[in-house]
Structures are given as structure tokens and as C-alpha cells.
Amino acid sequence: MRGGQAGPPDRQATNGERVDMTVTDEELVARSMAGDTESFNQLILRWERPIYALAYRQLGREEDARDVVQDAFLRAFRALPGFKGEAKFSSWLYRITLNLCRDFMRRARRAPFVPTPEGVDVGDLASSETTATESIEDVVTRKDLGRRVARAMGLLPEEQRSAIILKEYHGLTFQEIAELQGCPLSTVKTRLYQGLTVLRRELDRQGKGPARAESRTP
């Protein structure tokens, strides 16, 4: 999983603390389960940034994302004795975070605001299902694409939105997303395709999509 592997191959710095990348997650988990709290602290330092990014992209608010991150690691620490190692620690932590984000949005009863990084190329995801003339790449150069995509993302069901975020922003494979969402591989692909279809339709509705542009062509 690429989200937590930034920096030099052996060490990286987080908030002034040194993160030892020579030890695997599995080794740190085993030490943590044996009572070594420093090993769990290393897991926090290693994964807090990608977990925060995931929470922020789900919720769109820094304060809410920070609260979810704290809760996610607290829950992981408390549940660690029951961790069987059937999935990667990172996948387990991502699942905890997604569940917390889902619960948070339900309690708050509000639609999510999904921030979109500048330069994001959603068309890369859709390219295998669309033709060149219909690609979202036709609109990625527009000044306000990020805001429009974020607004459209907020209209998606949670499963579709999460699939796009995990695939596009966190670089997870379809299989990893399937494990996280607890569904077949084909379901993930369907959710991703359906989500992208809604994004394209919403962009077209706003008058900035390729289909609307083609309709104005004599």
C-alpha cells in the first residue's frame, strides 16, 4: 500500500520524530501485542498521515478528520489483541477509519464535502470504459474542475465515493479495496464505474462536460 511508504526507504520523519522503516508492520504489531507500547507508537507515526488523508477526503473538514484519526488509533490499540493478521494491518486500519467516517457522517446528518487535489486526473480511471471524445480528461484543464468534482463526489453513495478515493488518491488495488469493503472484486469495479458515471453526468449537467460540449457543435 503506497500511502504510508513516503520518504527514504529506511527512515522518515514525522512531526520531528523518527520512523523506523526497517521493521515491518507485522513485526511492530507482534511487539505491540506483546506489550511494547513504543512499537505501537511507531505504527501511529508510520500511518497517521495516510489515515488523516483518508479521513479528510471522506469528511472534508480538518478538525473532524483529526478527531477520526485519534479515535481510529485508539480503537485499533484496544482491539489489537483480537487482530488475527488475516489482513494487512494497514487494511485493517483503513477499514476502522472508513467505518468511523461513516458513523460520523450519520451522526452529523450532513452530506460529505470531498476535497479534490489540484491536478487530479479522474479521466485515468474512466479511460478504459469511455472513448476519447467522452473522457473526463476533456475538462480537467478547466479552472474550477476540482471544486466541481468535489461537489459531484458529495452526491455519491458512500461505497462508490470510498472506492474512488481509495483507488485514485490512495493507490489501492481493486483487490485491496474489495478486502476493505468486504465485497467481491466485481462489486468494487461496478461501484467505481457507476461512481464515475455519476461524476461524468453531474459535470455534464453543470455544462462543463464533454457531452454538453458536443451538443453545441454544429
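Me: In which helix is S32 placed?
Reply: This is a predicted model, in which local features need pLDDT of at least 70 and side-chain atom pairs count only at pLDDT 80 or more, while totals for chains, interfaces and linings use all residues. Residues are numbered from 1 along each chain as its sequence is written, and side-chain values use heavy atoms, with hydrogens and water left out. Helices are DSSP runs of H or I with at least four residues, strands are runs of E with at least two, and both are numbered from the N terminus. S32 belongs to the helix formed by residues 25-33, which is α1.

Me: Is S32 buried or exposed?
Reply: A residue is buried under 20% relative accessible area, exposed over 50%, and partly exposed in between, using a 1.4 Å probe and protein chains only. The relative accessible area of S32 is 9%, so S32 is buried.

Me: Which residues does S32 touch, not counting residues up to four places away in sequence?
Reply: A contact requires heavy atoms within 4.5 Å. With residues up to four places away in sequence not counted, S32 touches S39, F40, L43 and L80.

Me: Where does L80 lie, and how far in space is its C-alpha from that of V29?
Reply: L80 is in the loop between α3 and α4, the latter covering residues 89-108. L80 is buried, because its relative accessible area is 3%. Its contacts beyond four places in sequence include V29, S32 and F40. L80 and V29 are 51 residues apart in sequence, and the distance between their C-alpha atoms is 8.0 Å.

Me: Which residues are in contact with F73, leaving aside its neighbours within four places in sequence?
Reply: F73 is part of helix α3, residues 62-79. It counts as buried because its relative accessibility is 6%. Leaving aside neighbours within four places, the contacts of F73 are F40, L43, I44, W47, E48, I51 and L93.

Me: Is T24 buried, partly exposed or exposed?
Reply: T24 is found in the loop between β2 (17-20) and α1. The relative accessibility of T24 is 36%, so T24 counts as partly exposed.

Me: At which residue does helix α2 bend?
Reply: The bend at a residue is the angle between axes fitted to the seven residues ending there and the seven starting there. Helix α2 spans residues 37-59, and its bend is about 50°. A proline, P50, follows within four residues of the bend, which is at W47.

Me: Which residue caps the N-terminal end of α2?
Reply: At this end, a side-chain oxygen lies 3.1 Å from the backbone nitrogen of E38. That oxygen belongs to the capping residue, D36.

Me: How many disulfides does the protein contain?
Reply: A disulfide is a covalent bond between the sulfur atoms of two cysteines. Here it is counted as a pair of cysteine sulfur atoms within 2.5 Å. C101 is buried, with a relative accessible area of 0%, and C183 counts as buried at 14%. By the distance rule, the number of disulfides is zero.

Me: What percentage of the 218 residues of the protein is buried?
Reply: The secondary structure comes to ten helices and two strands. Along the sequence, the pattern is β-β-α-α-α-α-α-α-α-α-α-α. Of the 218 residues, the share that counts as buried is 48%.

Me: What is the average pLDDT of the protein?
Reply: pLDDT is the predictor's confidence in each residue, from 0 to 100. It stays under 50 over residues 1-14 and also over residues 209-218. In the protein, 67% of the residues score at least 70, and the average pLDDT is 75.

Terms used:
A polar contact is a pair of N or O atoms within 3.5 Å; within protein, one must be able to donate a hydrogen and the other to accept it, and residues adjacent in sequence count only if both atoms are side-chain atoms.
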